Amino acid sequence: MASARTPVVAGWFTSGDGDFRLLGTRCRACGAVYFPREDTFCRAPRCAGEELDEVPLSRRGRVWSYTDGRYRPPAPYPSDPARDWAPYTLIAVELAAERMVVLGQGAPGVTVADLAVGMEVEVVPGVLAGEGGQSWTTWHWLPVPAEDVEESS
Amino acid sequence: MTGEVAVIGAGMHPWGKWGRSFVEYGTKAARAALTDAGLDWPDIASVVGANTVRCGYPGQVAGATFARALGWQGARVTSVYAACASGARAIDTARAQILSGMVDTVLVVGADAAPKGFFAPSGGDRPDDPDWLRFRVLGATNPAYFALWARRRMALCGDTPEDFAAVKVKNAAAGAANRHARYRSPVTAEEVAASPVVADPLRLLDICATSDGAAALVLSSVDFARRHGVADPVRIRAVSSVAPVYPRTALDLPDIATDSAPDALVPDGFRPSIARAAYEEAGIGPEDLSLAEVYDLSTALELEWYEDLGLCAAGEGAKLLREGATALGGRIPVNPSGGLASFGEAVPAQAIAQVCELAQQLRGRAGDRQVAGARVGITANQGLFGHGSSVIAVR
């Protein structure tokens with residue numbers, strides 16, 4: 001049985017101890033960054049790169065858009081049909097340095113009323129709970145308190 | 001310019017939730033198209049089927065499935081898949097066969113039998129499949145993506161939920177006059193506002209249903225059409241089948257993230273490029289259009305297409321709607337068929353159904369939905385995994 005330390009997908013984020021980050025890869029030839037990771041070929045059409053190195057993505061970004069799921073998604077989403085459905089938010093976040101938008105669930109308790117396009121959010125470790133007590137680690141986006149927002153980002 | 005092919009027959013099976021086989025729907029649509037064309041099935045030289053991934057092996061060899069159901073008569077068979085753009089790829093393949101001189105007449109068929117509720121990925125444990133991953137990791141359904149785009153329009157363009165509801169009201173009014181539509185009742189803005197939120201800000205009546213349905217066309221060379229007694233046939237002048245250009249910076253189904261573009265010159269969006277390729281091939285522009293059929297997976301997405309087709313400037317889709325320009329009787333009616341709002345998605349059939357509507361409109365046979373003096377029509381849609389499609393027909 002999967003434990004809460006098992007990532008929902010291997011190699012997409014750090015273990016959660018200390019500085020939690022999403023993990024992408026960067027092409028050695030052209031510098032293009034990929035998430036989810038590309039490990040064999042660069043997808044840039046004019047790049048023949050075949051060597052890509054693991055790279056942590058920016059910890060913070062700004063909300064590109066957001067929504068929520070009011071109904072239970074179909075399998076393979078891990079969900080216990082015996083429990084009432086609790087909506088969660090989905091947040092698409094634009095990372096400035098990578099100039100890339102990454103989708104993720106909002107941290108528990110974050111609702112669409114808490115969100116706005118352009119708001120700063122930070123990646124944090126999260127848990128996906130499935131049937132029969134199974135769970136997996138994942139990433140969540142959490143709004144950054146106004147006093148912590150970095151002027152430069 | 002590539003050259004034109006004639007649309008000499010169009011047929012559909014009414015859309016709904018009938019609980020029968022997609023083969024039955026497609027065969028009925030094919031027979032209706034053949035009758036409309038005044039041709040006997042054995043006269044057809046080639047069959048191109050738009051595949052469905054939901055109906056087992058027969059769905060993945062749709063051309064052969066329909067040829068067998070109509071009665072093997074030796075015609076060439078081809079089956080194509082391009083997700084929601086499969087129907088347009090089938091039309092594109094038929095056109096290529098005709099323009100190359102390979103055949104004179106082609107039957108194009110698409111049909112589906114859709115499950116209730118959200119579309120879901122194929123079964124199994126497939127962590128190398130982006131479509132499987134977005135459900136597994138995030139529970140990101142199709143309406144979730146429609147909602148992300150809708151929210152972004154609200155933030156960037158000032159669209160409101162009332163604008164989105166007005167799209168549904170417009171399309172339901174047109175669909176009420178279409179005997180092939182699944183939903184044939186007018187809908188009010190109050191009814192949209194009272195329907196449950198599925199994915200904020202979109203409500204149930206903002207999002208298209210999943211349907212059973214079928215559509216078919218008989219295409220021929222223009223010479224064949226004239227020999228066959230159609231002096232002034234509807235002609236397909238362009239079929240756009242472009243793919244996106246790297247790097248893509250707008251989040252799109254089924255991806256969890258966009259490409260990264262720190263230093264790259266970011267190309268224009270994918271959807272505008274779909275229509276641009278069609279306009280260039282046809283040698284016309286948006287100002288020449290009489291009508292448009294667009295892929296309104298959600299009410300908000302229809303407004304996006306107005307801009308992508310060049311019917312108005314970027315960000316002004318809602319303004320065009322509020323002016324009444326895109327309603328029947330307006331300057332440029334959009335979705336006079338009733339659109340997906342009235343039909344629901346029957347994936348391989350929808351892009352063919354869009355061209356059926358163009359054919360009826362350009363022949364002046366659309367009844368209460370008729371766009372007066374229609375001469376030029378465009379369709380637009382987009383299939384999962386980077387399949388653009390747009391067809392321009394003229395008469």
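## Stop 1: chain A

Select A:Pro76 to begin; its place is in the loop between β4 (60-68) and β5 (89-95) of chain A. Helices (H or I, at least four residues) and strands (E, at least two) are DSSP runs, numbered from the N terminus.

Before moving on, note the ground rules. This is a predicted model, where local features need pLDDT of at least 70 and side-chain atom pairs count only at pLDDT 80 or more, while totals for chains, interfaces and linings use all residues. Residues are numbered from 1 along each chain as its sequence is written, chains are lettered from A and ligands numbered from 1 in the order in which they are written, and side-chain values use heavy atoms, with hydrogens and water left out.

Now show the backbone at A:Ala75 and A:Pro76. A cis peptide bond joins them, with omega at about 15°.

Go on to A:Arg99. This residue sits in the loop between β5 and β6 (100-106) of chain A. Phi of A:Arg99 is near 50°, a positive value in a residue other than glycine. Most residues other than glycine have a negative phi, and most peptide bonds are trans. A:Arg99 is partly exposed, with a relative accessible area of 36%. The scale is this: buried means under 20% relative accessible area, exposed over 50%, partly exposed in between (1.4 Å probe, protein chains only).

## Stop 2: chain B as a whole

Zoom out and select chain B. It has 14 helices and 11 strands. Its radius of gyration is 20 Å, close to the 21 Å that the globule rule gives for 395 residues, so chain B is as compact as a globular protein of that length. That radius is taken over C-alpha atoms, and the rule is 2.2 Å times the number of residues to the power 0.38. The C-alpha trace spans about 55 × 50 × 45 Å along its principal axes.

Colour by burial. Of the 395 residues in chain B, 61% are buried. Then draw contacts (heavy atoms within 4.5 Å). Among those in chain B between residues at least 6 apart in sequence, 75% join residues at least 24 apart.

## Stop 3: salt bridges

A salt bridge here is a side-chain nitrogen of Lys or Arg within 4 Å of a carboxyl oxygen of Asp or Glu. The whole structure holds 34 of them over all chains.

Select B:Glu281 and B:Arg95. Their closest N and O atoms are 2.8 Å apart. B:Glu281 lies in helix α10 (residues 270-282) and B:Arg95 in helix α4 (residues 86-99), so the pair ties together parts that are 186 residues apart in sequence. B:Arg95 is buried, at 6% relative accessible area.

Next, B:Asp232 and B:Arg395. This salt bridge has its closest N and O atoms 3.7 Å apart. B:Asp232 is in the loop between α9 (222-227) and β8 (234-240), and B:Arg395 in the segment after β11 (387-394), so the pair ties together parts that are 163 residues apart in sequence. B:Asp232 is partly exposed at 33% relative accessible area. B:Arg395 is partly exposed too, at 26%.

Then B:Arg271 and B:Glu304. The closest N and O atoms of this salt bridge are 4.0 Å apart. B:Arg271 is in helix α10 and B:Glu304 in helix α11 (residues 299-308), 33 residues apart. Both residues are buried.

## Stop 4: an arginine without a salt bridge

Return to helix α4 of chain B and pick B:Arg89. B:Arg89 is buried yet has no salt bridge; the nearest side chain of opposite charge, B:Asp92, is 5.5 Å away. Lys and Arg count as positive and Asp and Glu as negative; His and the chain ends are not counted. What is B:Arg89 in contact with, leaving aside its neighbours within four places in sequence? Show B:Val80, B:Ala82, B:Ser241, B:His387, B:Gly388 and B:Ser389.

## Stop 5: backbone features of chain B

Select B:Tyr246 and B:Pro247. A cis peptide bond joins them, with omega at about -5°. B:Pro247 is in the loop between β8 and α10 of chain B.

Finish at B:Phe385, in the loop between β10 (376-383) and β11 of chain B. Its phi is near 70°, a positive value in a residue other than glycine. At 46% relative accessibility, B:Phe385 counts as partly exposed.
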